[in-house]
Amino acid sequence: MPIPVVQLGTGNVGVHALKALITNPAFELTGVWVSSEAKAGKDAAELAGLTDSTGVLATTDLDAVLATGPRCAVYNALADNRLPEALEDYRRVLSAGINIVGSGPVFLQYPWQVIPENLISPLEDAAREGNSSLYVNGIDPGFANDLLPLALAGTCQSIQQIRCMEIVDYATYDSAAVMFDVMGFGKPLDDIPMLLQPGVLSLAWGSVVRQLAAGLGVELDEVTQTHERVPAPEDFDIASGHIPKGGAAALRFEVLGMVDGHPAVVLEHVTRLREDLCPEWPQPTQPGGSYRIEITGEPSYGVDVCLGSRVGDHNHAGLVATAMRVVNAIPAVVAAPPGIVTTLDLPLVPGRGLYAPG
């Protein structure tokens with residue numbers, strides 16, 4: 001029997017999740033929640049870019065969507081700039097007895113020792129009350145820096161450091177809220193955006209570092225962060241808008257899990273808005289961007305992961321991968337015990353039923 005599901009949010013990630021929920025016979029779409037009145041009343045197929053009507057109309061009424069009887073909700077609503085609201089959304093859905101897979105807030109990938117207990121316990125209490133489970137993941141934070149590095153680590157005799165890197169040109173990433181408000185691109189270098197406020201990098205990607213450490217059985221002494229920004233040498237435009245000369249146009253940061261003064265686990269991002277910026281910084285394996293895993297140990301590893309798409313570029317591929325990482329995990333999450341579950345808890349999700357010749 002197909003699993004009844006609802007889609008919460010139909011933005012850059014949610015549109016790909018919605019398409020999968022409609023086209024995969026393993027799922028039965030029962031509702032779609034949107035935040036925009038312009039989308040309300042539209043058929044789910046139209047929002048997903050499909051032609052055949054589903055008969056499921058989008059609504060801004062979350063209670064009405066939850067009343068359609070889903071066993072799982074796919075949460076892809078923007079969360080980074082509305083954290084209290086997003087956490088309350090999760091609490092409501094979990095307490096209603098509905099499992100959740102989501103793409104954010106990213107710290108819920110592995111929240112323990114990352115966010116305060118008073119933010120975690122309401123979700124855990126709601127999950128117990130509703131006998132429901134919550135899984136947050138994606139490509140980064142997610143698959144590229146949890147399952148892949150830990151799988152490689154399982155073949156090592158000893159490990160001195162795991163470093164996970166995203167090296168990506170974000171020029172085609174079309175989200176002004178993320179690019180300008182959260183990441184601070186285009187802003188003067190003395191204007192500190194949300195992402196670079198004290199402790200926020202360790203909040204957002206500390207989940208990666210903490211989960212890798214937990215997978216290795218390592219107790220971290222502390223999690224620290226560093227960053228560097230570079231200004232635009234001239235005016236230019238990106239998908240999200242205009243970058244003025246002198247505005248932030250490249251960002252490099254690290255989140256480091258320290259043991260006895262040594263960075264045992266490192267998450268690094270190298271983000272450019274043009275490929276010619278900061279040539280001395282690490283370069284991607286393919287034009288546009290790639291993910292890199294470096295394990296220093298016995299044996300040592302260097303693995304590059306290159307995303308591509310027949311209908312878009314590397315950023316499009318990353319959005320699809322983020323959506324599908326959680327959508328494909330729905331059966332495992334529905335079967336999981338109540339509570340917040342992580343990649344360390346779930347079985348391998350092998351892509352069963354996804355083969356499509358041609």
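**Loops, salt bridges and a charged patch**

Biologist: Where is Pro141 found?

Modeller: Pro141 is found in the loop between strand E6 (133-136) and helix H6 (147-153). Helices (H or I, at least four residues) and strands (E, at least two) are DSSP runs, numbered from the N terminus. This is a predicted model, in which local features need pLDDT of at least 70 and side-chain atom pairs count only at pLDDT 80 or more, while totals for chains, interfaces and linings use all residues. Residues are numbered from 1 along each chain as its sequence is written, and side-chain values use heavy atoms, with hydrogens and water left out.

Biologist: Is the peptide bond from Asp140 to Pro141 cis or trans?

Modeller: That bond is cis, and its omega is near -5°.

Biologist: And which kind of peptide bond joins Gly104 and Pro105?

Modeller: A cis peptide bond, with omega about 0°. Pro105 sits in the loop between strand E5 (99-102) and helix H5 (117-130).

Biologist: What is the phi of Gln113, and where does that residue lie?

Modeller: Phi of Gln113 is near 65°, which is positive in a residue other than glycine. Gln113 lies in the loop between E5 and H5.

Biologist: Is Gln113 buried or exposed?

Modeller: Gln113 is exposed, because its relative accessible area is 57%. Buried means under 20% relative accessible area, exposed means over 50%, and partly exposed is in between (1.4 Å probe, protein chains only).

Biologist: What about the phi of Asn131?

Modeller: Phi of Asn131 is near 55°, again a positive value in a residue other than glycine. Asn131 belongs to the loop between H5 and E6. With a relative accessible area of 57%, Asn131 is exposed.

Biologist: Changing topic, how many salt bridges does the structure hold?

Modeller: The structure holds eleven salt bridges. A salt bridge is a side-chain nitrogen of Lys or Arg within 4 Å of a carboxyl oxygen of Asp or Glu. Among them is the pair of Glu234 and Arg274, whose closest N and O atoms are 2.9 Å apart.

Biologist: Where do Glu234 and Arg274 lie?

Modeller: Glu234 is in the loop between E8 and strand E9 (236-238), and Arg274 is in the loop between strand E12 (262-272) and strand E13 (289-298). The pair links distant parts of the chain, 40 residues apart.

Biologist: Why does Arg274 count as buried?

Modeller: Arg274 counts as buried because its relative accessible area is 17%. Glu234, at 40% relative accessibility, is partly exposed.

Biologist: What is the closest N and O distance between Asp276 and Arg274?

Modeller: Asp276 forms a salt bridge with Arg274, and their closest N and O atoms are 3.0 Å apart. Asp276 is partly exposed, at 46% relative accessibility.

Biologist: Which residues are linked in a network of salt bridges?

Modeller: The network links Arg163, Arg252, Glu254 and Glu268. Within it, Arg252 forms a salt bridge with Glu268, the closest N and O atoms being 2.7 Å apart. Arg252 lies in strand E11 (residues 248-259) and Glu268 in strand E12, so the pair ties together parts 16 residues apart in sequence.

Biologist: Is Glu268 buried or exposed?

Modeller: Glu268 is buried, at 2% relative accessibility. Arg252 is partly exposed, with a relative accessible area of 25%.

Biologist: Which residues form the negative surface patch?

Modeller: Glu219, Asp221, Glu222 and Asp260 form it. Patches are made of residues with over 30% relative accessible area and no salt bridge; like charges are joined within 9 Å, and nonpolar side chains (Val, Leu, Ile, Met, Phe, Trp, Tyr) within 5 Å. Lys and Arg count as positive and Asp and Glu as negative, while His and the chain ends are not counted. A charge is placed at NZ of Lys, CZ of Arg, CG of Asp or CD of Glu. Accessible areas come from the Shrake-Rupley method with a 1.4 Å probe, and for residues only the protein chains shown count as cover.

Biologist: Where is Glu222 found?

Modeller: Glu222 is found in strand E8 (residues 222-231). Its relative accessible area is 43%, so Glu222 is partly exposed. Pro231 is in strand E8 too, and Pro231 is partly exposed at 36% relative accessibility.

Biologist: What feature does UniProt place at residues 145-348?

Modeller: The unreviewed UniProt entry gives "domain: 2,4-diaminopentanoate dehydrogenase C-terminal" for residues 145-348. UniProt positions are in the numbering used here, feature names are shortened, and annotations may be inferred rather than shown by experiment. In the model, the span is 25% helix and 33% strand, and its end C-alpha atoms lie 15 Å apart.
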